[in-house]
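Student: I'm new to this structure, and I'd like a close look at one part of it. Could you walk me through the salt bridges and where their partners sit?

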Amino acid sequence: MDSSPSSATVQWPAIEVGFSKRPPQIWSSPLLDGAAKMVTSRRRRPAKVGERRSVFWATLPSFAPPSPVSIASSIHHPPLPTTASTTDRVFNFAAGPATLPENVLLKAQSELYNWRGSGMSVMEMSHRGKEFLSIIQKAESDLRTLLNIPCEYSVLFLQGGATTQFAAIPLNLCKPDDDVDYVITGSWGDKAFKEAAKYSKPRSIWSGKSEKYTKIPCFDALEQTPGARYLHICANETIHGVEFKDYPKPASENEVLVADMSSNFCSKPVDVSKFGVIYAGAQKNVGPSGVTIVIIRSDLIGNTQPVTPVMLDYKIHSDNNSLYNTPPCYGIYMCGLVFEDLIAQGGLSDVEKKNANKAGILYDTIDGSKGFYRCPVEKSVRSLMNVPFTLAKSDLEAEFVKEAAKEKMVQLKGHRSVGGMRASIYNAMPLAGVEKLVAFMKDFQARHDG
Ligand code: PMP
């Protein structure tokens with residue numbers, strides 16, 4: 001029985017770690033680095049028999065308070081909220097880790113302390129116990145539903161970020177002397193290409209670098225290497241805001257298409273059968289950092305180079321259902337909640353419509369600004385997820401970011417390598433966030449134009 005959302009235990013943060021009206025006594029421990037504060041509460045009802053309560057901070061010997069200190073000198077972080085309130089939240093335009101759906105966060109909060117009557121947090125569960133097995137299996141099954149993943153594909157929940165996959169791909173799919181092709185449409189594709197050079201013979205068959213990564217090539221013009229083992233693309237370049245709207249076909253027999261989908265994973269339907277491997281870090285669209293998802297056609301598994309570390313060997317992970325070693329359990333649980341939410345929203349076609357609408361509003365504002373704002377990316381390949389833009393008066397950019405932050409719209413500064421601004425508007429960014437941003441942009445322009 002899922003008793004958590006409405007059970008008494010979900011109230012514990014309000015009672016136990018909230019700030020009472022009269023200044024409570026707070027102790028800080030160097031161990032906690034000021035982040036967690038122990039707060040005494042005078043409003044405490046007796047515990048029911050068997051009830052689990054949040055007394056652990058107060059009772060753990062290692063967190064024993066050295067001495068009481070005043071609130072003013074001890075608070076390095078904002079106080080914990082007494083109740084979850086959506087008005088406390090900012091619109092977070094970060095590129096990743098990124099905003100997560102509010103209902104998912106609240107659900108996780110309600111289950112944090114005692115997952116569905118198990119008496120444990122998901123963080124405390126054995127990864128081989130029946131509770132966690134049910135979590136990972138449901139997450140996989142929901143992801144299969146969302147992306148309509150054919151049964152001949154394996155789904156792996158791994159660690160190490162997409163960056164680890166830059167090495168795992170060549171280590172698993174080719175021999176050191178094999179040719180492999182890379183289409184480089186931004187910094188991430190370039191990083192993947194450079195890593196692959198350690199384990200294979202990668203060829204950059206197209207690079208958008210000279211045009212500052214604002215384009216996707218015409219597929220007919222690609223000079224693919226005969227006999228290449230795979231063709232690698234980055235489906236959405238997070239920094240440059242360039243997104244493949246369709247996918248190139250590998251030219252050679254037995255060659256497969258490999259895609260880094262970190263920043264547009266689950267943002268729209270994808271025909272998985274066109275790919276040999278899809279990989280994605282979770283921290284943009286589907287969960288917290290720490291989980292990396294790999295979807296791989298099963299017949300490609302089992303041909304690793306001998307030097308491949310076990311943790312990068314897809315066969316090891318596939319044979320062990322992603323439980324060869326301790327997986328990122330809590331992150332997988334969070335991804336599972338996000339998958340449930342995406343299904344509840346109607347699936348990825350509906351999600352794509354919402355994303356297209358949000359991106360359309362933002363790009364229209366940029367294009368309609370008579371040059372005050374500018375997006376350098378070619379219109380047909382503009383990302384629905386990451387919208388980079390500059391100001392004609394570049395000296396106003398810092399002011400733009402500062403004023404936006406005052407209005408509770410944060411993380412709008414562009415990546416340090418390209419400058420300008422970037423609004424990441426992943427699945428979980430509500431329409432209201434984009435509407436607030438464009439209203440701010442118009443107002444900012446009215447105040448600074450001319
Ligand atoms: N690929 C893309 C498209 C990304 O956006 C990122 C991270 N921003 C990475 C790869 C690297 O991911 P990680 O930090 O998880 O290794």
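Tutor: Happy to! One term first: a residue is called buried under 20% relative accessible area and exposed over 50%, with partly exposed in between. Please keep in mind that this is a predicted model.

The structure holds 22 salt bridges. Let's begin with R447 and E403, whose side chains meet in a salt bridge at 2.7 Å, N to O. R447 lies in helix α12 (residues 431-448) and E403 in helix α11 (residues 397-406), so this pair ties together parts that are 44 residues apart in sequence. R447 has a relative accessible area of 43%, so it counts as partly exposed, whereas E403, at 14%, is buried.

Next come K201 and D177, which form a salt bridge with their closest N and O atoms 3.4 Å apart. Here K201 belongs to strand β6 (residues 201-207), while D177 is in the loop between α6 (161-173) and β5 (179-184), and the two are 24 residues apart. K201 is partly exposed at 42% relative accessibility, and D177 is exposed at 60%.

A further pair is E102 and R89, with side chains meeting in a salt bridge of 3.3 Å, N to O. E102 sits in helix α4 (residues 102-112) and R89 in the loop between α3 (71-74) and β3 (91-92), so the bridge joins parts 13 residues apart in sequence. E102 is partly exposed at 33%, and R89 is partly exposed at 32%.

Finally, look for K107, E111 and R116, which are linked in a network of salt bridges.

Terms used. Residues are numbered from 1 along each chain as its sequence is written. This is a predicted model: local features need pLDDT of at least 70, side-chain atom pairs count only at pLDDT 80 or more; totals for chains, interfaces and linings use all residues. Side-chain values use heavy atoms; hydrogens and water are left out. A salt bridge is a side-chain nitrogen of Lys or Arg within 4 Å of a carboxyl oxygen of Asp or Glu. Helices (H or I, at least four residues) and strands (E, at least two) are DSSP runs, numbered from the N terminus. Buried means under 20% relative accessible area, exposed over 50%, partly exposed in between (1.4 Å probe, protein chains only).
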